[in-house]
Number of protein chains: 2
Amino acid sequence: MADNQELLLQQIKEQGELVRKLKAAKESSEKVKEEVAKLLALKSQLTPEDAAPQKFTLKTPKGTRDYNPQQMTIRNDVLEKIITVFKRHGAECIDTPVFELKEVLTGKYGEDSKLIYDLKDQGGEILSLRYDLTVPLARYLAMSKINTLKRYHIAKVYRRDNPAMTRGRYREFYQCDFDIAGQYDLMVPDAECLKVVSEILDALKIGDYVLKVNHRRLLDGMFEACGVPADNFRATCSTVDKLDKSPWEEVRTEMINEKGVSPEAADRIGEYVRLNGGTELAEKLLKDEKLSKTKAAVEGLEGIKLLLHYCELLGIKDKILFDLSLARGLDYYTGVIYEAVLTQPIKVGNEEQTVGSIAGGGRYDNLVGMFDSKNKQVPCVGVSIGVERIFSVMEARVAAGDMRVRTSDVEVYVASAQKNFLDERMKICAELWNAGIKTEQSYKKNPKMLNQLQHCEETGIPLAVVLGDSELKRGVVKIRNIASREENEIPREKLVEELIARIAALNTNMNGNK
Amino acid sequence: MADNQELLLQQIKEQGELVRKLKAAKESSEKVKEEVAKLLALKSQLTPEDAAPQKFTLKTPKGTRDYNPQQMTIRNDVLEKIITVFKRHGAECIDTPVFELKEVLTGKYGEDSKLIYDLKDQGGEILSLRYDLTVPLARYLAMSKINTLKRYHIAKVYRRDNPAMTRGRYREFYQCDFDIAGQYDLMVPDAECLKVVSEILDALKIGDYVLKVNHRRLLDGMFEACGVPADNFRATCSTVDKLDKSPWEEVRTEMINEKGVSPEAADRIGEYVRLNGGTELAEKLLKDEKLSKTKAAVEGLEGIKLLLHYCELLGIKDKILFDLSLARGLDYYTGVIYEAVLTQPIKVGNEEQTVGSIAGGGRYDNLVGMFDSKNKQVPCVGVSIGVERIFSVMEARVAAGDMRVRTSDVEVYVASAQKNFLDERMKICAELWNAGIKTEQSYKKNPKMLNQLQHCEETGIPLAVVLGDSELKRGVVKIRNIASREENEIPREKLVEELIARIAALNTNMNGNK
């Protein structure tokens, strides 16, 4: 907007105020007309662009959304619970830029590479928005020559998909990852990742769940034993991955028609992927005629056995299901793979929502080496918590009235029933802020008592300090409990002390009622 | 990477391991040679790209950086202190997408618009990365038809500048904003913003500071009184803004040569912008022959007087300096403007760093209206905390050894001096995690005692549980205080209870020593 246009807008605003004042004061219609004419003259100077400054549809980009205070409160509460678990396991926090050199992302996501957002060429560098937090982690480890790290990373990632936004899926969304990098003994960090997921889902109280596990080496061995050519393993694997959404018959057809798997091989695969169980299943498969002859399958099955043993020691074996149909979409997994699935639909109001997969991950031992000039590997294993699904469940619960959230933490509202108390209110606010008390007041000079109390009720502020002439003269103030409407007089100099005691009592009550 | 190449890499890895094992076992050189030949044959199948997978320079995009655990710890500590103040004042939290429709940003930043990052056209939508958090806030208010909001927003913004990265300036950086939107009484929310800044700078203990204030209407009135044409106000204002970095003579020259201000007008401006003080200066200027005849100047001066009065009530008047040279770069300010400046260089190790401006903001009453089809205004005032500058001061202090940070919160390490204790360690870890104790162990089956204790010392873990055969047989475990190296035997079943008591005692000591 040009400078003089901005000034013009200011003049129009002032002239408008003047006209309103004159009308309110019931000035002579002649006088009002005169000023209205001036206003119209000013408005006529506006270019059409300024008169209608908003010419495009006001919206956020496709597939994105704003998070309002209620959504942010839900999101921050969920993340706080998750971070508590990450920190309990000693994880450190890192962050990486929102964009990477395009080459860093190239060749990491298979078919999904087409979903990557590219930036315009910015003076020689070709940049893309990050697609996940795993590839940036691998780039970070290789670039910083770090061999061991246990880190969490919570940040937004970008996928130019056509997501079903009604189901809580967006093009910009939060990922929340926990990974352990380092050359360690088999399945020890892998088992801890499952423990972390189970602690998180328990803390979130989101319902019953099962932690499905499988092993990429077992899948490879299974494909080999069933007669799938080696260069067809990944493609077949990504077809198996669809079993959580499609029936076997459809998956079989895709294998045969699109992935070039023979009908006989597909049928053999079909026998295996129906299997799930625990240690006894791994034992049984180790004796399976075909699998026991395949090195990869034996390695995978031994791995699963060890993982289940560690899960027993960690006290989570009853949550684990060894499931041969679990495949995971991403190319880069090399060992154990996991997925946490809610076993019950979630109740929201009077309806039930099927949520399904709520966390996933696995071992990827070759990804860091792809960034190292000498192909030096840093083995990694990790898990990603599906926080967006968790957020949308919580949002739906709030919308259905099953859950309440307060979007601010204010404890005390400083109010006055009478006019000209702004100065006094300000002094008291400053005193309370300086004492660390979360305090608010009206930004109006002479707010109405009813509006002030309504604000407290609507936003859940538990206490109000109510100022009045007669009380101040007697050296007292009133404290009002908003819920009970009870009011007590307190000596002015004891106000801070008394409020701190009352807030502590309220917090104790709240925690006691949880 | 093609699927078969990935398998090939796996085979090479396995074959390499086999060769190493044979060599370690001192197998016959014939046998070793045979397997080495197989390894070389496998390697020869690699395409050049896979043999040297890393062909581009491994780096983050220009002007960006990763945040390592130490930097993130510093960052999270600083932000936690800031958020505590925001919440004390009842602010709610929002978030917006990292990119906006380009039209949303167009025409808001004046000359700096060239620094905006554009994305590639993604199927019809032209998108840009956000340049600040103020314009997205205004878009959000207009789009959601919200008339009142007190919110904070902490997120990364993007400016394709050529920043001096050594001085802590980047193309991707955090902004941390607090704003109050709503039609309220003059200067009431404006004064609270200054109180918020002063509470934050006090909490951060970053050194002495002054809160400079000025008023855009006073600047406009001053330019008018000095004879600058109205359509030249903004350009002249942005030249005055350079006074914090350049001497008056240079600014004067730019005014005359580049902004078309007459030498006489420039000299008159020069007289005013040298002035700073308190209420008495505002009083004096209200009697100034030229200014007192200019409506805008009087409005600005009356505003400053009222602001200073409120600052006195809020107990921060000694921090405020009314400074006529303060102009602020952005076009959209319409009323009060602020800037917090550290008055002393900061001591870092044996050196001193000049930090300067550390927060800034002001009132912008016309920005939301620019997004509304009926030009409906939502007056706003806010402040942005220069968190990147604060981060880099803290980072420098850590680097100089003036400050220590722990990047993980682990309280207890579960160790063993003997072999084959992994199962027992795992059980104890699970028990401690379930009790909410922040616990770690080695991911190795048989770690060396020295390495385990070293890890505790390096990362500041205060307590270790040390497992041994003889103790376990007697039903006890040892707890070791890492700092004092003192060890005590505790009955196995009292372990959790005892650790919780010790952690509580350590925390009390630490807080007592602060």
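## A hairpin in chain A

Two strands count as paired here if DSSP finds at least two bridges between them. The model described in this report is predicted. In chain A, strand β17 (residues 476-481) and strand β18 (residues 487-491) run antiparallel and are joined by five bridges. Within this pair, V477(A) is placed opposite I490(A), a residue of β18(A).

β17(A) and β18(A) form a hairpin with five residues between the strands. In this hairpin, R485(A) has a positive phi near 65°.

## The nine-strand sheet of chain A

Chain A also holds an open sheet of nine strands with mixed pairing. The strand order is β1-β4-β5-β13-β12-β9-β6-β8-β7. Each of the edge strands, β1 (92-93) and β7 (276-277) of chain A, has a single partner strand, so one side of each has no neighbour in the sheet.

Strand β6 (residues 209-215) of chain A pairs with strand β9 (residues 336-342) of chain A in the antiparallel sense, over seven bridges. Across this pairing, N214(A) faces I337(A), which belongs to β9(A). A helix packs on the sheet as well: α6 (residues 134-144) of chain A touches β4, β5 (172-181), β12 (357-364) and β13 (380-385) of chain A. The direction of α6 makes about 135° with that of β4(A).

## The five-strand sheet of chain B

In chain B, five strands make up an open sheet in the order β15-β14-β16-β17-β18, again with mixed pairing. The edges are taken by β15 (439-441) and β18 (487-491) of chain B; each has a single partner strand, so one side of each is left without a neighbour in the sheet. From one strand to the next, the twist averages 30°.

Strand β17 (residues 476-481) of chain B is joined to β18(B) by five bridges, and the two strands run antiparallel. I479(B) is found opposite N488(B), a residue of β18(B).

## Where the two chains meet

The size of an interface is often given as the accessible area lost when the parts come together. For chain A and chain B the buried area is about 10500 Å², with 59% of it on carbon and sulfur atoms. On the chain A side, R88(A), W433(A) and Y443(A) lose the most area to chain B, and together they account for 8% of what that side buries. In terms of residues, 115 of chain A are in contact with 113 of chain B.

The interface of chain A and chain B contains 42 residue pairs in polar contact, with both residues at pLDDT 80 or more. Helix α1 (residues 3-24) of chain A supplies eight residues, the largest share of the chain A side that touches chain B. By type, the residues of that side are 49 nonpolar, 24 polar and 42 charged.

## Salt bridges

Side chains of opposite charge can pair when their charged atoms come close. Across the interface of chain A and chain B there are 14 salt bridges. One of them links the side chains of E125(A) and K59(B), at 2.6 Å from N to O.

The structure holds 79 salt bridges over all chains. Among them is the pair K156(A) and D95(B), whose closest N and O atoms are 2.9 Å apart. K156(A) is part of strand β4 (residues 149-158) of chain A, while D95(B) sits in the loop between β1 (92-93) and β2 (99-101) of chain B, so this pair joins two chains.

Methods: Residues are numbered from 1 along each chain as its sequence is written. Chains are lettered from A and ligands numbered from 1 in the order in which they are written. This is a predicted model: local features need pLDDT of at least 70, side-chain atom pairs count only at pLDDT 80 or more; totals for chains, interfaces and linings use all residues. Side-chain values use heavy atoms; hydrogens and water are left out. Helices (H or I, at least four residues) and strands (E, at least two) are DSSP runs, numbered from the N terminus. Axes are lines fitted to C-alpha atoms, for helices over the stretch in contact, and angles run from 0 to 180 degrees between N-to-C directions. Contact means heavy atoms within 4.5 Å. Buried area is the accessible area (1.4 Å probe) that two parts lose on being put together, summed over both. A salt bridge is a side-chain nitrogen of Lys or Arg within 4 Å of a carboxyl oxygen of Asp or Glu. A polar contact is a pair of N or O atoms within 3.5 Å; within protein, one must be able to donate a hydrogen and the other to accept it, and residues adjacent in sequence count only if both atoms are side-chain atoms. Ala, Val, Leu, Ile, Met, Phe, Trp, Tyr, Cys and Pro count as nonpolar, Asp, Glu, Lys and Arg as charged, and the others, Gly among them, as polar.
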